[in-house]
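Keep it short and plain.

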Amino acid sequence: MNPENLKRDTVETKKTSEAAEMAVRIQEGSGAHGKKVLVLDTVHPNWRHVTQTYLSGKEIEMEVVGKDEAARLLGDAAALIVQSPNYLGSIEELGLLGEMTHDNGALFIVAADPVSLGLFKPPGEYGADIAVGEGQSLGHPMSLGGVNLGIFTAQQKYLRQMLLQKYYH
């Protein structure tokens, strides 16, 4: 790993890569999909970069795609990762993206800003299988610029995979 990549690491990117890893493990268990995750191009570039760094050590392929490309490529992917609000400040159409993802047999991962959830439905109501977030915006102090507050949650049926994450990461 390049030390420059580590400087950009945040809890959000770590949780995003853990969610991707968990999705691949779930899909491998069902024999459905390979070791590939799709990430929308509207996810923050630093998050994509750090997530790619973590996944490369796990031999998980990550491909950055637009929404149109995602629709075509989801059949071979274990998961789709979406950020909402996205890097550009837009709210993604999570309901449509979740439906499209599940129609192709992939898992739907949402990186959400917890403050936005005061106005919008939580990711689970849009069909997210796994949701991650950065909780620093909720008022958690920076503590010398160090680790913030990570949020990682999943549907009840994936609880055991979350627990395995702790031991196999």
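Strand β1 (residues 36-40) runs parallel to β3, and three bridges join them. Two strands count as paired if DSSP finds at least two bridges between them. Strands (E, at least two residues) and helices (H or I, at least four) are DSSP runs, numbered from the N terminus. The model is predicted: local features need pLDDT of at least 70, side-chain atom pairs count only at pLDDT 80 or more, and totals for chains, interfaces and linings use all residues. Residues are numbered from 1 along each chain as its sequence is written, and side-chain values use heavy atoms, with hydrogens and water left out.

**Strand pairing**
- V37 stands opposite A79 in β3.
- β3 also pairs with strand β4 (residues 107-112), in the parallel sense, over six bridges.
- Q83 has A111 in β4 as its bridge partner.
- From β3 the chain crosses through helix α5 (residues 94-103) to β4, in a right-handed β-α-β crossover. Right-handed means that, with the strands pointing away from the viewer, the path from the first strand over the helix to the second runs clockwise.

**Burial of β3**
- Why is β3 largely enclosed by the rest of the structure? Six of the six residues of this strand (residues 79-84) are buried, so β3 is largely enclosed. Buried means under 20% relative accessible area, exposed over 50%, and partly exposed in between (1.4 Å probe, protein chains only).
- A79, I81 and Q83 point one way from β3, while L80, V82 and S84 point the other way.

**Two loop residues**
- T42 sits in the loop between β1 and α3 (45-56). T42 is buried, at 14% relative accessible area.
- Leaving out residues up to four places away in sequence, T42 touches R48, Q83, N86, Y87, L88 and E92. Contact means heavy atoms within 4.5 Å.
- S116 lies in the loop between β4 and β5 (130-134). S116 is buried too, with a relative accessible area of 12%.
- The S116 side chain reaches the backbone oxygen of D113 at 2.6 Å.
- Beyond its neighbours within four places in sequence, S116 is in contact with S84 and P85.

Note on methods
A polar contact is a pair of N or O atoms within 3.5 Å; within protein, one must be able to donate a hydrogen and the other to accept it, and residues adjacent in sequence count only if both atoms are side-chain atoms.
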